[in-house]
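This briefing looks at how two chains of a protein model meet. Look at the sequence and structure first, then read the points below.

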There are 4 protein chains.
Amino acid sequence: MSVFEREVVVRFEHCDAAGLMFYPRLFALVNEMVEDWFAAMEHSFACLHVDQRKGVPTVEFEAEFLRPIRMGERLVQSLRVLHIGHASCRLLHEAQIGGDLAARFEQTLVYVDLNTIKSEEWPLDLRATMTRYEEQL
Amino acid sequence: MSVFEREVVVRFEHCDAAGLMFYPRLFALVNEMVEDWFAAMEHSFACLHVDQRKGVPTVEFEAEFLRPIRMGERLVQSLRVLHIGHASCRLLHEAQIGGDLAARFEQTLVYVDLNTIKSEEWPLDLRATMTRYEEQL
Amino acid sequence: MSVFEREVVVRFEHCDAAGLMFYPRLFALVNEMVEDWFAAMEHSFACLHVDQRKGVPTVEFEAEFLRPIRMGERLVQSLRVLHIGHASCRLLHEAQIGGDLAARFEQTLVYVDLNTIKSEEWPLDLRATMTRYEEQL
Amino acid sequence: MSVFEREVVVRFEHCDAAGLMFYPRLFALVNEMVEDWFAAMEHSFACLHVDQRKGVPTVEFEAEFLRPIRMGERLVQSLRVLHIGHASCRLLHEAQIGGDLAARFEQTLVYVDLNTIKSEEWPLDLRATMTRYEEQL
């Protein structure tokens, strides 16, 4: 099992007038993780959406925000696969600051054809690569 | 019990390259509802954040996306109060298109002092007004 | 000549950690004006982009920011047509707060086919409607 | 003279329903360059805005968009200093794709005190560092 990780700095534009990260921006960073993960699995979003006309819309999200996140802090984002279904997968995202968990997300996304917006089985090669990120419990 | 509602048109900038609403933008629209609701309760976010140095950060979010949302569609957003705690409240947001539920959110937010980022009891007048939006079960 | 106008309240999410409107958000509000103006001229962006596969990308922008814009202020946005070309048009946007000019933009946009990304002549009916917003000098 | 540069990939969320970069997102990327440049000059935006209560709002912008920018393309952004005034500076930003100029910006920003929103002279050390990025003509 491997974990997909990256580190980002909390930017000026992520923060609101309270000087804290504005949560819709954190959802955008979580989405960037999914995008970077697909790119790392050789299925870039450009290729997926434009060439293949497939998409991975989110159907469910659970989020916990455990501590405020401030401008300039270094956020370590991680992504693990909790479950791979026929046409869906469930991801666990964590965001840590200095070793402390700052936010935690569970996200279910579905593989769909963009012309019909109907779900489809994962392509076999993609599914095989996704399995490597599966959390062993 | 009253429901807080508004109608918005799904804009060009809400949509992604798939032509569907990009979910971080929908979270931003949900946040606008909270902002508009506070303004309707005579506690504008400008007054709250700048003058009083209080904030209402989100600590928990559950979201279900039930159908794709497309550019130009009219989205009816509603907000109900599920529970009012000492320093927190739990909201139910729904987004409907043509009478169909398109997305559903439960959000817990906390009233905090922005200088200390510690939770505080709701002011009595604000709490009394919030009660009017409480869902009777 | 008529002016296309709307009033918006400066929202929490438009403002940065300095409590002032963050300029990329103001460009987004300027873009909303163009979108609302096209909708008022019976060419909604949904219809334009999705059904007709046409777009109106911006090729030039000049912006002056004359005073800070704060959360909660009421912004009156206006749009006038300075010039209509073969396939382009030049717009003057102003944003006022309490009668004072806060920002001023000149924007040139071009009518293009989205499949080829080549410019095309304005459709006659659209061009005729645009003319009504032309500034008389 | 040195040029401040970085390379970014055009993301899913930068693109609109036409599959092209949405220009307010490009202004946000230009703003990120300014933020990264200040950080490289040892004046992070977190320190500047929160600790020192100073800001660098933009007062003027000129932008030219020379070719469409697509999802997945690699954008090389560069920043040069055109002029350093008493309390302001004028920057030249370029964005290139595969060696071709895709967009060009001239931006004037001003150093202000966030409490008074009045301009102030650049600190001497910051000004000295900025000079190293000045374009020799």
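Two strands are said to pair if DSSP finds at least two bridges between them. In this predicted model, strand 3 (residues 58–65) of chain C pairs with strand 3 of chain D in the antiparallel sense, over 5 bridges.

**Extent of the interface**

- On the side of chain D, 23 residues are in contact with 23 residues of chain C.
- Between them, chain D and chain C bury about 2,000 Å², and 66% of that area is on carbon and sulfur atoms.
- The residues of chain D that lose the most area to chain C are Y23(D), F65(D) and I117(D), which together account for 26% of what that side buries.

**Contacts across the interface**

- The rule finds 8 residue pairs in polar contact across the interface of chain D and chain C, counting pairs with both residues at pLDDT 80 or more.
- The number of salt bridges between chain D and chain C is 0.

**What chain D contributes**

- Helix 1 (23–40) and strand 3 (58–65) of chain D each supply at least two residues of the side that touches chain C.
- Strand 3 of chain D gives the most to that side, with 8 residues.
- By residue type, the side of chain D that touches chain C consists of 15 nonpolar, 4 polar and 4 charged residues.

Key:
Residues are numbered from 1 along each chain as its sequence is written. Chains are lettered from A and ligands numbered from 1 in the order in which they are written. This is a predicted model: local features need pLDDT of at least 70, side-chain atom pairs count only at pLDDT 80 or more; totals for chains, interfaces and linings use all residues. Side-chain values use heavy atoms; hydrogens and water are left out. Contact means heavy atoms within 4.5 Å. Buried area is the accessible area (1.4 Å probe) that two parts lose on being put together, summed over both. A salt bridge is a side-chain nitrogen of Lys or Arg within 4 Å of a carboxyl oxygen of Asp or Glu. A polar contact is a pair of N or O atoms within 3.5 Å; within protein, one must be able to donate a hydrogen and the other to accept it, and residues adjacent in sequence count only if both atoms are side-chain atoms. Helices (H or I, at least four residues) and strands (E, at least two) are DSSP runs, numbered from the N terminus. Ala, Val, Leu, Ile, Met, Phe, Trp, Tyr, Cys and Pro count as nonpolar, Asp, Glu, Lys and Arg as charged, and the others, Gly among them, as polar.
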